[in-house]
Amino acid sequence: MSPSMVPSHSPALVVQLARLGDVIQSLPVIEALQHANPARAVDVLCASPLVSIARRCASVRSVLGWDGAQWRRLAQQWNAEPSLVLRSAQEQLVPDGVSAYEVVYNLNQHARSRLAAHLYGRRVVGAGVGG
């Protein structure tokens, strides 16, 4: 299913877990996604210190903060107990009340972005499409 075929009423999530400049450069992309389908709300997942920047974008419905320290703690346990870490990540990193997004646009190549995209979404567009 192409991004344009995702039901227009389903909110989309943009994952941008890089630095300040990357978040700022992503704002026009976020606006273009929302403009292309005004009925679809667009949420953003970014590093917790950058939440206030992403909230300034008028096209963003809500912003979720990614806690890097929490991610590192989980990642350090991965080799010992991967299934336990995955369950814990799903419980800790996906806040209450946030259900899986129909589509997640992952704008980063690193592992934490791929993990987040797959934790939050049913379908990933961008980096990490294949898992």
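Helix H5 (111–120) lies across strands S1, S2, S3, S4 and S5 and runs at about 170 degrees to S4. Here and below, helices (H or I, at least four residues) and strands (E, at least two) are DSSP runs, numbered from the N terminus. Angles run from 0 to 180 degrees between N-to-C directions, with axes as lines fitted to C-alpha atoms, for helices over the stretch in contact; contact means heavy atoms within 4.5 Å.

This is a predicted model, in which local features need pLDDT of at least 70 and side-chain atom pairs count only at pLDDT 80 or more, while totals for chains, interfaces and linings use all residues. Residues are numbered from 1 along each chain as its sequence is written, and side-chain values use heavy atoms, with hydrogens and water left out.

**The sheet.** An open sheet is formed by 5 strands in the order S3-S2-S1-S4-S5, with parallel pairing. Its edge strands, each pairing on one side only, are S3 (60–66) and S5 (124–126). From one strand to the next, the twist averages 25 degrees. Two strands pair if DSSP finds at least two bridges between them.

| Strand pair | Sense and bridges | Bridge partners |
|---|---|---|
| S1 and S2 | parallel, 5 bridges | Leu13 and Asp43 |
| S1 and S4 | parallel, 4 bridges | Val14 and Tyr105 |
| S4 and S5 | parallel, 3 bridges | Asn106 and Gly126 |

**Strand S1.** 5 of the 5 residues of S1 (residues 12–16) are buried, so this strand is largely enclosed by the rest of the structure. Buried means under 20% relative accessible area, exposed over 50%, and partly exposed in between (1.4 Å probe, protein chains only). Ala12, Val14 and Gln16 point one way from S1, whereas Leu13 and Val15 point the other way. Together with helix H1 (residues 20–36) and S2, strand S1 makes a right-handed β-α-β unit. A crossover is right-handed if, with the strands pointing away from the viewer, the path from the first strand over the helix to the second runs clockwise.

**Asn108.** The loop between S4 and H5 holds Asn108. This residue is buried, with a relative accessible area of 7%. Its side chain makes a polar contact with the side chain of Gln16 (2.7 Å). A polar contact is a pair of N or O atoms within 3.5 Å; within protein, one must be able to donate a hydrogen and the other to accept it, and residues adjacent in sequence count only if both atoms are side-chain atoms. Leaving aside neighbours within four places in sequence, Asn108 is in contact with Val15, Gln16, Leu17, Ala18, Ser113 and Ala127.
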